[in-house]
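Let's take a walk through a protein together. Have the sequence and the 3D view open, and turn the picture as you read.

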Amino acid sequence: MSATSVRSAIAKRLFATTTALLSGVLVVPSFAPLALAQEQAQPAPAAAQPAPVAPPQVQLQPSHGPASVADLAERLLGAVVNISTTQNVKGTEAPNAVPMPQLPEGSPFQDFFDDFFKNREGEGGQGGGGNQKVQSLGSGFVVDAEQGIVVTNNHVIADADEIEVNFSDGSKLKAELVGTDTKTDIAVLKVDPKLKKLTAVKFGDSNVMRIGDWVMAIGNPFGLGGTVTVGIISARNRDINAGPYDDFIQTDAAINRGNSGGPLFNMEGEVIGINTAIISPSGGSIGIGFSIPSELAIGVVDQLRQFGETRRGWLGVRIQPVTDEIAESLGMATAKGALVAGIIKGGPVDNGTILAGDVILKFDGKDVKDMRDLPRVVAESPVGKAVDVLIVRKGVEQTVKVTLGRLEDGEKQASAEESAGEEQEQAVTTASVLGMTVGELNDETRKKFEIAGDVSGVVITEVEPKSLAAERGILAGEVITEIAQESVSSPKDVMDRIGALKEQGRKNALLMLASKSGELRFVTLRMD
């Protein structure tokens, strides 16, 4: 075959291949039978077609979402109960009671409103003498199956005439009130365990819980019993001004009206909080709920079960925060602890063990970081217990031992104490210092400012307007009893004490003031 014939044959094959490619049919030409001419012509080989590549095989993993809490919820639901209360009130005393409207004479609606309001108010009719039954709903949980003990919030059962406990299986039992504590909003109920086999849960340790730990809330929001919600601990040690022992756990687990008194569980199924409050402009959950920590609740529940009331330790002092200015005036490096502003007459430390002006840093081995820590740790201590108290007195730390009394409701009325040391220096009758005019406390000034006879010190007769003393709320008629924990009884004492503090390089003066009736408070004034 000539070279021309070879080239012609190759051209025909290439044309056929191109046509096949364009038509979508791949034909792989074979050049094996072709004989080359004697010139040994070597035509360029056709470009090799790439082998088709298979698409990558994507391994789809089944998605299961977060770990299920179904087993945990199933185990706990039986111990969580709904609390239903009934209160008998007069028609006009019922919450949100609407009075019968005054209609024009001959109104076609008169009969309708007469029937409605008579039925609403019972036999008392329009006079409002009939009784109504007002119901409320809350939550609770069983802590002792053998004794039938149920824990809830005090505000859930407050003023109730009847209390009923509803269980997850639909059964109901009447409950009797064992005891309540308004300060922590905890109540203990009792049902008859012989009437039903109960399931109980136990308290866990709220101290080991950390911000970010998962928690579960079960309760009766809006009457929807057996509702389970899950979230995390958002914060700890929250003070929401609900009571003297605020130390709430904050959670974003959905808590709504009706969840009050229900448990907050850890992932072990232990109760680490009692749900009690929410912050919500709308009344529904916005992810800010508060629970009483089990650390606080356990002691209260035990006392209510044992005594029907709480029996808290009592130190017998009035306290206030230690500000930066107060700390500086006392020579303390940092502002911490609780400043003793007064001693309750007849209280456990009315023997000079602790004095006004002392700063309490530790109580029974527990740190008192700020003022609100002290009432809580004292209240949790047994009545009659002898404890060590670390204080700062006149710049020096020392430990004193005190024996606690019992805190009685309403026993917070402060009384005056007679200041020690009555100096009779008469050299200066009045003095102007730190924006105040001070004078002797005698019969004339006592009568003028109506100061009690058992108050002693130096009376403030005038306060300069727009002065720092005026800004701090100091008023004429108040009495300076101490400056920097030193008693003063004359205007000269005041001047000498202020001068001594300035020589020591102090920038602030700590004044203990007594009101006309003898109530004490501390105020700091800059001496620039």
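One word first: two residues are in contact, or touch, when they have heavy atoms within 4.5 Å. Keep in mind that this is a predicted model, in which local features need pLDDT of at least 70 and side-chain atom pairs count only at pLDDT 80 or more, while totals for chains, interfaces and linings use all residues. Residues are numbered from 1 along each chain as its sequence is written, and side-chain values use heavy atoms, with hydrogens and water left out.

Let's start with Arg393. Leaving aside neighbours within four places in sequence, Arg393 is in contact with Gly352, Thr353, Ile354, Leu355, Asp358, Gln398 and Gln485. Gln485 is 92 residues away from Arg393 along the chain, yet their C-alpha atoms are separated by 8.5 Å. Arg393 belongs to strand β19 (residues 386–393). Helices and strands here are DSSP runs, numbered from the N terminus: a helix is H or I with at least four residues, a strand is E with at least two.

Is Arg393 buried or exposed? Buried means under 20% relative accessible area, exposed means over 50%, and partly exposed is in between, using a 1.4 Å probe and protein chains only. Arg393 has a relative accessible area of 17%, so it is buried.

Next, look for Lys196, in the loop between β7 (186–190) and β8 (214–219). Lys196 counts as buried because its relative accessibility is 18%. What does its side chain make a polar contact with? The partner is the side chain of Asp169, at 2.6 Å. A polar contact is a pair of N or O atoms within 3.5 Å; within protein, one must be able to donate a hydrogen and the other to accept it, and residues adjacent in sequence count only if both atoms are side-chain atoms. Not counting residues up to four places away in sequence, Lys196 touches Phe167, Asp169, Ser171 and Leu173.

Now hop over to strand β9 (residues 227–238), where you'll find Thr229. Thr229 has a relative accessible area of 17%, so it is buried too. A polar atom of the Thr229 side chain lies 3.0 Å from the backbone oxygen of Ala254. Asn237 is also in strand β9. With a relative accessible area of 41%, Asn237 is partly exposed. Its phi is near 60°, a positive value in a residue other than glycine.

Time for some strand pairing. Two strands pair if DSSP finds at least two bridges between them. Strand β12 (residues 271–278) has a partner in strand β11 (residues 263–265), antiparallel over three bridges. One of the bridge pairs joins Leu264 to Gly273 in β12. β11 and β12 form a hairpin with five residues between them, and Gly269 in the turn has a positive phi of about 85°. β12 also pairs with strand β13 (residues 289–293), in the antiparallel sense over five bridges. There, Ile274 has Ile292 in β13 as its bridge partner. β12 is mostly covered, with six of its eight residues buried.

What about the nonpolar cores? A nonpolar core is a set of buried Ala, Val, Leu, Ile, Met, Phe, Trp, Tyr and Cys residues joined through side-chain atoms within 4.5 Å. In soluble globular proteins, nonpolar side chains tend to be buried together. The largest core here has 30 residues, and Ile186 and Phe265 have the most contacts inside it. Among the elements that give it two or more residues are β7, β8, β12, β13 and α5 (294–307). The largest share, five residues, comes from α5. Apart from this core lies another, of 23 residues, among them Leu330, Leu441, Phe449 and Val479.

Last stop: helix α10 (residues 491–503). α10 has 13 residues and reaches 19 Å from its first C-alpha to its last, close to the 18 Å expected at 1.5 Å a residue; the expected span is 1.5 Å times one less than the number of residues. Which residues of α10 are buried? They are Pro491, Asp493, Val494, Arg497, Ile498 and Leu501. These residues sit on the same side of α10 because they cover an arc of only 160° around the axis, where the arc is that of the directions from the helix axis to the C-beta atoms. The buried residues of α10 pack against strands including β22 (430–433), β25 (479–483) and β27 (508–514). After α10 comes Gly505, whose phi is positive, near 85°.
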